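Dear colleague,

Please find below the structure that I am handing over to you. My notes on it follow directly after.

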Amino acid sequence: MIASRRLLRRVAIGSRCPLARPAAGCVALSPSIRGLLAMVGLAFAASLAVNGSAPAQDAPAATDRREKIVLSDRAAALHRSLLLVDGHNDLPWEIRKRASRSFDNLDIALSQSDLQTDIPRLRQGGVGAQFWSVYVPGETMREGTALAQTLEQIEIVHQMLRRYPETFELALTADDIVRIRAAGKIASLIGVEGGHSIENSLNVLRQLHRLGARYMTLTHNVTLDWADAANDKAVHGGLSPFGEEVIREMNRLGMLVDLSHVSPDTMRHALRVTEAPVIYSHSSARGVADHPRNVPDDILPLLAQNGGVIMVNFYSSFVVPASAARDAEAARLRDRLKLELADDAAVEAAVQKWKRQNPAVPGTIHDVLDHIDHLILHAGPDHVGIGSDFDGVPMVPDQLEDVSTYPLITQGLLDRGHDETVIRKVMGENVLRVLRGAEAVAARNR
Ligand SMILES: [Zn+2]
């Protein structure tokens, strides 16, 4: 794939120009043009792969040639003094998978190089508060085990709090976050990832809130009886009447409505129904990278009107335009093959083979900063946050490898000319305000 590699390299050179402040001699390409160029490269690469003339080992290796970010004393001091709140970390699922649900088998007080998260690196990264995801797959809905597994995931978080009391403390309110952070600990919140966890019961929703859950992502990748997901068939045109009830009950409880993973119609529908400000716990901008998991530009002013916050995801396949295009191409291939092949396993094997032949590009921290800049521009500086998705994603950009790297975002935002007030908001103050807003709505409805 020499030709595609050359094309991707040219795209990478184009992307050296910072979006906010193009350097002298740079021709700034808009994100959409960069995405388009990347897609042309990918389509070409895909056609070569299909024709069998491109050996797998000759896959494109596009690199982002923008400068590495170097942490200054000023940024380090600013980062230490600000409140960093991350909207989404999947460590509990990793503890389930790798350690039979027990920190006895995987001690995060020690450095754990197989993970993106451990206590030494959380400290290095200056994390003030973390929403821990208690994700369980959408398939558990069909098996009838969604709630049981969600309860097990919540127990993993509580186990973590009990085992490392000098590091973590459960936060149930915005005031808790501020107090726990002031005591030098990491405020720990629980986020339910996917409405399948409530098994169509508002009573279960109430109990999850009682166990500490402070947001619920309406769907994961599977469309529910009451809400359409971004990566699945839309059957409700957004929310069903019960879906609207779920939103109203979450408002009443003071549980944040999380619109990551839902379809654009579900986003619009939820924004019409909710009284409280909403979050996207881990989503990026579709205007930069055209992936269905990202948020379309036309929804961003609605989010601003609502007073909510979109917390930027770091996953390479969502943030790097070429990788997003490659993911979309794989999804189209899957849809095509489903019509041709009867066997699901054969379809998946073919898609995986194509993915191996067309690897994703990891990108760099600059790709994530591009999303933050874009969202500040289209939603406003009061409506952007950080939602890494660490330990939930297999590939992350260069210089954003793990939870120790957040100070480089503070540095990158300073480098791009943002003032300290905006940086404090993006790193955590915005989502703190949203949580207070949801608490105020709950207090009114009690
Ligand atoms: Zn997710």
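A residue is called buried if 20 or more other C-beta atoms lie within 10 Å of its own, exposed if 12 or fewer do, and partly exposed in between, with C-beta atoms placed from the backbone. The model is predicted: local features need pLDDT of at least 70 and side-chain atom pairs count only at pLDDT 80 or more, while totals for chains, interfaces and linings use all residues. Residues are numbered from 1 along each chain as its sequence is written.

Ala438 belongs to helix 18; helices (H or I, at least four residues) and strands (E, at least two) are DSSP runs, numbered from the N terminus. Ala438 counts as buried because 29 other C-beta atoms lie within 10 Å. Two residues are in contact if their C-beta atoms, placed from the backbone, lie within 7 Å. Leaving aside neighbours within four places in sequence, Ala438 is in contact with Gly254, Leu256, Ala276 and Pro277.

Helix 18 (residues 420–445) also meets helix 17 (residues 406–415): their axes come within 10 Å and cross at roughly 150 degrees. Such axes are lines fitted to C-alpha atoms, for helices over the stretch in contact, and angles run from 0 to 180 degrees between N-to-C directions. Thr410, Leu413 and Leu414 of helix 17 make the contact with Ile423, Val426 and Met427 of helix 18.

Strand 5 (residues 213–217) is mostly covered, with five of its five residues buried. Strand 4 (residues 186–193) runs parallel to strand 5 and is joined to it by four bridges; strands pair if DSSP finds at least two bridges between them. Val192 stands opposite Met216 of strand 5. Strand 6 (residues 256–258) is likewise parallel to strand 5, through three bridges, and Asp258 in strand 6 is the bridge partner of Thr217.

Helix 4 (residues 91–99) has the buried residues Leu91, Pro92, Trp93, Glu94 and Ile95. These buried residues pack against strand 1 (85–89), strand 2 (129–133) and helix 7 (146–163). Just after helix 4, Ser100 takes a positive phi of about 45 degrees.

Yours sincerely
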